[in-house]
Amino acid sequence: MKYKDIGIDLGTTNILIYVKGEGVILREPSVVAVSKDNNKVLAIGTNAYEMLGRTPGCVTTIKPLKDGVIADFDKTEIMLDYFIKKIMGKSFFVKPRVLICCPSNITQVEKNAIKEVAERTGAKKVYLEEEPKVAAIGAGLEVGLPSGNMVIDIGGGTTDIAVISLDGIVYSESLKVGGNKFDDDIIKFIKSKYKLLIGEVTAEQIKINIGTVGNKEKEMKVMGRDLLTGLPQTITIKSQEIKEAFKSSVDMIIHAAKVVLEKISPELSADIISKGIVLTGGGALLDGIDKLIEKELKVSTKIAEDPLTCVVKGTGIILENLV
């Protein structure tokens, strides 16, 4: 019986899965809910995400992936096994070939951990590819030509910046800055300025609704716990305050992009000036990020079509050409 090929974007925030011949068929949060009493897994994915910040003392929610790599091996294995069985259904006895994306510049030990998790879930064979290259493929860039392509993939746990030519990464930088760091920036900013404690779900809603590094002028009512009185409180936050909160993290991304541009050859630099930079990942949707990068790097910058799925769609393109 013909086995299925599966492409996995093993993200810090979300897991997306592509099945050859079927397309992207799963996207769920990388979250696991566990009982503290017996360490039993109670919920995975969307069901576990809905419990974030709302669990009783006997239950904890875990994000088993941190900064694009495995932080909790056992829970990652359980989560991945659950998702693969969910999409394979009755045909799970047919071992799939699995292509998994990982951040650039991670260690061999971290790569081996990712590979081992996939093998233990029953994969016939496991392939690893670096995220920026796969994101570039998913964004429609012709990475196989002798010409430079630059991609900035802003994910949940990491930002990968790479220049790709002839199917290989010429130079790359990987930062532990992404959507989760932006959420932390919001939490810290509101705690410092307003003495109000909010959770990560609320921070993410703020980021999505009014977050900006541009000129957006929006505001949002935010509810949390007053650190002085211990009582619930509601405040109003403006977009320009969130811009202030993001400044340090965004500056790190821009600095890393400048380092990449400084390290490549003049010929590749000319290619990138001609073609521009492509942004992928959920962070590419942050208001004004493309214009800010373009202004700071003085290179045309555009957001890929559907940046959230570029990596997993890239795995699909690779799988379709896998012999």
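Modeller: Leu166 counts as exposed because its relative accessibility is 55%; exposed means over 50% relative accessible area, buried under 20%, and partly exposed in between (1.4 Å probe, protein chains only). The model is predicted, so local features need pLDDT of at least 70 and side-chain atom pairs pLDDT 80 or more, while totals for chains, interfaces and linings use all residues. Residues are numbered from 1 along each chain as its sequence is written, and side-chain values use heavy atoms, leaving out hydrogens and water.

Leu166 sits in the loop between strand S12 (159-165) and strand S13 (168-175). Helices (H or I, at least four residues) and strands (E, at least two) are DSSP runs, numbered from the N terminus. The phi of Leu166 is positive, near 50°, although the residue is not glycine. Most residues other than glycine have a negative phi.

Lys298 also has a positive phi, near 60°. This residue lies in the loop between helix H9 (residues 289-297) and strand S18, and is exposed at 70% relative accessible area.

S17, H9 and S18 form a right-handed β-α-β unit: with the strands pointing away from the viewer, the path from the first strand over the helix to the second runs clockwise. S17 pairs with S18 in the parallel sense over 3 bridges (pairing requires at least two DSSP bridges), and Leu279 stands opposite Ile303. S17 also pairs in the parallel sense with strand S11 (residues 149-154), over 4 bridges; there Ile277 is the partner of Met150. Both faces of S17 are covered, with Ile277 and Leu279 buried on one side and Val278 and Thr280 on the other.
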